[in-house]
Amino acid sequence: MTPQTIGVACCLCICLLSGIGCSTHAKRISLSRSLFYEGQLEACRDRLEKLHKSHRHDRDVTNLDLAVVDLLEGRCKDAESRLKDVRDRFDHLEQESISEKTISMWTDDTVLSYAGEDYEKILIRVYLALANLMHEGIDAESYTLQIQDKHDAVMQRLWGEKPADEKSNKFCGLPIGFYLRGMLREQTHVDYDDALRSYTQVAQLLPTCDPIRWDIERVTQGVHSQPGCGVIYVFAMVGRGPCKTESVEQPTSDALLIADRIVSAVGPYKLPPTIAPIKVPKVVVPDSDIDSVQVAVDRQPIGSTVSIADIDQLALETSQAARNQLIARAVARRVIKKATVATVKQQTSSNSLTSLGFDAAGVAWEALEKADTRCWGLLPRNIQVLRIEAPAGTHSISIAPEHFGQTGRPTAHEQVTVVDGRNTYIIGWFPDTFTAPRILTSTH
Amino acid sequence: MRADHPQSHNPKSLSSACDPLWRRRDWILGLVSMSTLAAGCRGYQYGHIVKPGAQDLVGSHEAGSEVFHPLVDESVAKLLSRQEEQCHVGPDGNPQKKTICFVCVENKMSEDIGDFKDQLYEQIDSKILESDVFRPISRRMVDAALHETRLRPDSLMVPDNMHLFTSVLQRQGAPIDYLLYAKLTSGTTQRNTSKQRDYLLTLELTNVHSGEYSKESAEIRKGYHKTALGGIWNYNPLK
């Protein structure tokens, strides 16, 4: 074996070794997710913090998950701080790095810095607004403007100038940003025109939602609340949100196999066989056994929450939109790897045994590819809201999940103080009907 | 054989080792790849202070400072000069200031003005405060009165509502003579892929005692185009 061959073989070994021992993010995060949904927040936090320290490339997504845990535990300032860090970093990572992309062509997408999915970028700002509302509410309006800016930018990038069309199954956006802005502008008792504009945008995205029509009616002719009354907003985080798993792209693998055969038949190149399938991330959404959340004030049933952010739908739609690009990159990577092995074989003019060795190394190199399954793993399936006007003073609120119109257990109870002419916020987590819900009330 | 004379089967590598042309080509290739990698690296974000008098950025999709600032300057200047003419002189020889309640900025445009709304309020309010014609009352007092009465800003012209609102302000120690509303409106003309949008800021002043009102407005027209030459094509002075 020549020194050149040894060098090339060493390079291949390094490439192979670089991928060994790397499990996917989906596998690493599964335990944390289970702990979270079982309500073991302390254990979940410990596990996430360990991941945060040990896996550099997972830091941003673990930070997002930790922000959710912080928020649930009432550490709203910490949650806001983490979310701001990730927001700024994702904004920075929107610029592409050719060096990273080049390296990813020789390894896989997990070496890229994770820049966040479009729906995650919008939701970071939504969570920032909610976290801020829960402790001081000073920056909440700014965050709602940021949600709208990001929402518009994502819509523009995904669908160009064309307006979102509900009939064409296109990504129709997240109304929650507009809703939050309308809610805050209405609270000023002055800017009803802004509130009307925001609620109208929500109504365009949710044309069949009755409560939004009532909101529009109120800001057109009525007032925020009657004298001596305030408003309670209940935000319910319902169900288990989207997560990514590794899936095999069989049609693409088959197509590549045929391409291999053609190249091998017409050219002098002996390509490594296509055995390893092409792996791509796939967004999956667990089923939910909660439709909505029933709210009662002082034991009087008031109504059920309605969804203003179908995160599951948005995640599926945006991932579908990005899927072609993802597969194209996976195929390009495979072609580069095959071409590299073929070139090395040709350069070294290796005998059949060495050639077989190179083929085996090539197959192993391809097989070590991992799909990039990094994502914000502790999101709910959807965010729902209910607006309640109540007399100023302290009230007892009961919140219970509903499935097919049947109120289930467990029910959460909370004491809430309503301020005259102001909004009070409650956030409740309802991952499923088995897990005890967690309730958080605004403190300002 | 290959082990003994590895380069004899590879004329390219031989030439790359010896030929200055090849060496130069390698250098060029290296520089090109380095520059590509450098160009692909993520950069930082920078900011700078825009010098006073420097031109504002012109918004490509919506109105921004380049529209709102001149609108405020012009409309407020018109309002103040008109009111100055009608100003009564007090016994001390100085003009008598009118107490004014600047209620709100209403956005009736087809565009969302986002964070500009509060800034427009503050700009107009500051200019009025600096004038010798009006004595505005604090915005916080206005907000508190609206909060207490639960009146909508657009319903203050109803006599009962106006009476209630002014009485609350009077109780707070801020009796008023005038109500001021600022309203932003827009009109859009579409021509194929280009459009012209006319922005109008109207200041409407109403005397709460007599019901008399006056209006001043300022307008800016702005063109939006899909191509850089759209402006020249649609607004060609030689046409």
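## Chain B

Helices here are DSSP runs of H or I with at least four residues, and strands are E runs of at least two. On that basis, chain B of this predicted model holds 7 helices and 5 strands. Their order along the sequence is α-α-α-β-α-β-α-α-β-β-β-α.

Chain B has 239 residues, and 22% of them count as buried. Take the contacts in chain B between residues at least 6 apart in sequence: 60% of these join residues at least 24 apart.

## Nonpolar cores

The largest nonpolar core has 90 residues. Six members touch the most others: Tyr127(A), Ala129(A), Leu130(A), Ala131(A), Val234(A) and Phe235(A). Helix 7 of chain A, residues 118-135, supplies the largest share of this core, with 12 residues. A second core is separate and counts 41 residues, including Cys101(B), Phe116(B), Val142(B) and Tyr181(B).

Ala129(A) has contacts beyond its sequence neighbours. Leaving out residues up to four places away, Ala129(A) touches Ala140(A), Tyr143(A), Thr144(A), Ile147(A) and Leu180(A).

## The sheet in chain A

Chain A has an open sheet of 5 strands. The strand order is 6-7-1-11-12, and the pairing is mixed. Strand 6 (306-310) and strand 12 (438-441) are the edges. Each has a single partner strand, so one side of each lacks a neighbour in the sheet. On average, neighbouring strands of this sheet are turned by 25° against each other, direction ignored.

Strand 1 (residues 229-238) pairs with strand 7 (residues 382-391) of chain A. The sense is antiparallel, over 10 bridges. Tyr233(A) has Arg387(A) in strand 7 as its bridge partner.

Definitions and conventions
Residues numbered from 1 in each chain as written. Chains lettered and ligands numbered in written order. Predicted model: local features only at pLDDT ≥ 70, side-chain atom pairs only at ≥ 80, totals over all residues. Core = buried A, V, L, I, M, F, W, Y, C linked by C-beta atoms within 7 Å. Buried ≥ 20, exposed ≤ 12 C-beta atoms within 10 Å, placed from the backbone. Contact = placed C-beta atoms within 7 Å. Pairing = 2+ DSSP bridges. Axes fitted to C-alpha atoms, helices over the stretch in contact; angles between N-to-C directions.
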